[in-house]
Amino acid sequence: MKDVTCIDLFCGAGGLTHGLQKEGIDVVAGVDVEESCRHPFEFNNAAKFIKEDVSKISGEQLNALHGKSAIRVLAGCAPCQPFSTYSQRYDVLSSPRWGLLYQFDRLVKETRPQIVTMENVPTVAKHAVFDDFANSLMDQGYHVYRSVVDCTKYGLPQTRRRMVLLASRLGPIEIVAPEPENRRTVRDAIGGLPPLFNGEASHADAMHAASKLSPLNVERIRASRPGGTWRDWPEHLVAACHRKETGRTYPGVYGRMEWDSPSPTLTTQYYGFGNGRFGHPDQERAISLREGAILQGFPTSYSFVPDGGPIHFKALGRMIGNAVPVTLGEVIGRSINQHLGAMYQERPDEKERAPRDGERKPLVA
Ligand SMILES: C[S@@+](CC[C@H](N)C(=O)[O-])C[C@H]1O[C@@H](n2cnc3c(N)ncnc32)[C@H](O)[C@@H]1O
């Protein structure tokens, strides 16, 4: 599909952009406040990185980036933390980040893209800001589709559920149907990577690095079985906090992944054995930074730091754990392409599907 350009707000390391570009969507730029995202975003994608606060960027700036394209897509995944299950226990309204969806809405109003797409955690739907965002799109004449997507159905080797919103001024839009028999497992994704000890990094790939385990955690991972939890351990290995009644609410930590299932949902701290069920299925370590990236759908060669650059587990875990899985980016890209194809086929002679800035331009397919 020619003459379509996209801007990715909150672009991070480029998970969404990479998936969209794999589907042929011309993402021209990504916007993020985090400078460390520049390298992975620009190195792996044919798009410009703009280090800027989305609340400070103007519609005029975005329009200049789109140039003269007939179809404009505004994509974005605002930070999820204010909407996560964990933060619901706290006063989410006090977080300045929840208002970023209103900034996304402002930019929709200022640029009037033909297509808008937004991704977030499913619990975003419990917050008024999400309804406000969807209602504002409908008030502006968009057809709005929203659905919680189970990423395993689209071939992501990770149980990740995400709210996806698609909106179009051209007509009804929806997400493409999953292909049957498309389930992928941890083995399919990372079964071929070289073995590592805890605390070790591969010579061939600095991102294939596993965090160091304490002697106690080495004993614990030895006692852990794939798919199990700390409840499987002998009493002397169980942490005091888990022995208490309140600890029973945390069964999902200190587990190993299972080879023949998708992985659990990765968090920003997936490289730590004690932070979730992130133990390697049969090696005595948590999964490596690279293994997490692959479970998020990134290609094995995706570069996150310049060659020889420092490997900071915390920063890279956040960048990768927060990413929109590349696989989901591809699904969103296919959905946009299918929609544009249908709109073009249904109304091939109609030249007013992509009005922009008062101009009327035919869509070139
Ligand atoms: C959920 S992550 C986005 C992931 C990204 N779309 C991807 O697929 O890899 C949210 C991003 O928003 C960025 N961010 C947070 N506040 C921001 C702001 N005010 N303006 C621009 N970016 C911001 C963070 O640095 C983070 O990279």
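**View 1. Strand E7 is largely enclosed by the rest of the structure, because six of its eight residues are buried.** The model shown here and in the views below is predicted. Strand E7 covers residues 161-168. On one side of the pairing pattern, E7 is joined to E6 by eight bridges, and the two strands run antiparallel. Within that pair, Val 149 stands opposite Arg 162 in E7. E7 also pairs with E5 in the antiparallel sense, here over six bridges. Ser 168 in E7 has Ile 115 opposite.

**View 2. Seven strands form an open sheet with mixed pairing.** The order across the sheet is E3-E2-E1-E4-E5-E7-E6. Its edge strands are E3 and E6 (143-150), each of which pairs on one side only. Neighbouring strands are turned against each other by 15° on average, direction ignored. Strands of a sheet pair through backbone hydrogen bonds, either parallel or antiparallel.

**View 3. Strands E4 and E5 run parallel and are joined by four bridges.** E4 spans residues 71-76 and E5 spans residues 115-120. Val 73 has Ile 115 in E5 as its bridge partner. Ile 115 also stands opposite Ser 168 in E7. Two helices pack against this part of the sheet. H4 lies across E1 (4-9), E4 and E5, and runs at about 175° to E4. H5 (residues 128-139) touches E5, E6 and E7, and its direction makes about 145° with that of E6.

**View 4. The axes of helices H4 and H5 come within 9 Å and cross at roughly 10°.** H4 is therefore roughly parallel to H5, as angles under 35 degrees count as such. On the H4 side the contact is made by Leu 101, Tyr 102, Phe 104, Asp 105 and Val 108. On the H5 side, Val 129, Phe 130, Phe 133, Ser 136 and Leu 137 take part. Sorted by class, the contact of H4 with H5 has eight nonpolar residues, one polar and one charged.

**View 5. Helices H3 and H4 pack at an angle of about 60°, with their axes 9 Å apart.** H3 covers residues 59-66 and H4 covers residues 100-111. The two helices are therefore oblique to each other. Their crossing is right-handed. Gly 59, Leu 62 and Asn 63 in H3 meet Leu 107, Glu 110 and Thr 111 in H4. By class, this contact has two nonpolar, three polar and one charged residues.

**View 6. Lys 56 sits in the loop between strand E3 (48-51) and helix H3.** Lys 56 has 10 C-beta neighbours inside 10 Å and so counts as exposed, the cut-off for that class being 12 or fewer. Lys 56 and Gln 103 are 47 residues apart in sequence, while their C-alpha atoms are 8.8 Å apart in space.

**View 7. The whole protein chain contains 11 helices and seven strands.** Of its 365 residues, 44% count as buried. Among contacts in the chain with a separation of 6 or more, 68% are between residues 24 or more positions apart.

Technical notes:
Residues are numbered from 1 along each chain as its sequence is written. This is a predicted model: local features need pLDDT of at least 70, side-chain atom pairs count only at pLDDT 80 or more; totals for chains, interfaces and linings use all residues. Axes are lines fitted to C-alpha atoms, for helices over the stretch in contact, and angles run from 0 to 180 degrees between N-to-C directions. Angles under 35 degrees count as roughly parallel, over 145 as roughly antiparallel, 65 to 115 as roughly perpendicular and the rest as oblique. A crossing is left-handed if the near helix is turned anticlockwise from the far one by less than a right angle, and right-handed if clockwise. Two residues are in contact if their C-beta atoms, placed from the backbone, lie within 7 Å. Ala, Val, Leu, Ile, Met, Phe, Trp, Tyr, Cys and Pro count as nonpolar, Asp, Glu, Lys and Arg as charged, and the others, Gly among them, as polar. A residue is buried if 20 or more other C-beta atoms lie within 10 Å of its own, exposed if 12 or fewer, and partly exposed in between; C-beta atoms are placed from the backbone. Two strands pair if DSSP finds at least two bridges between them.
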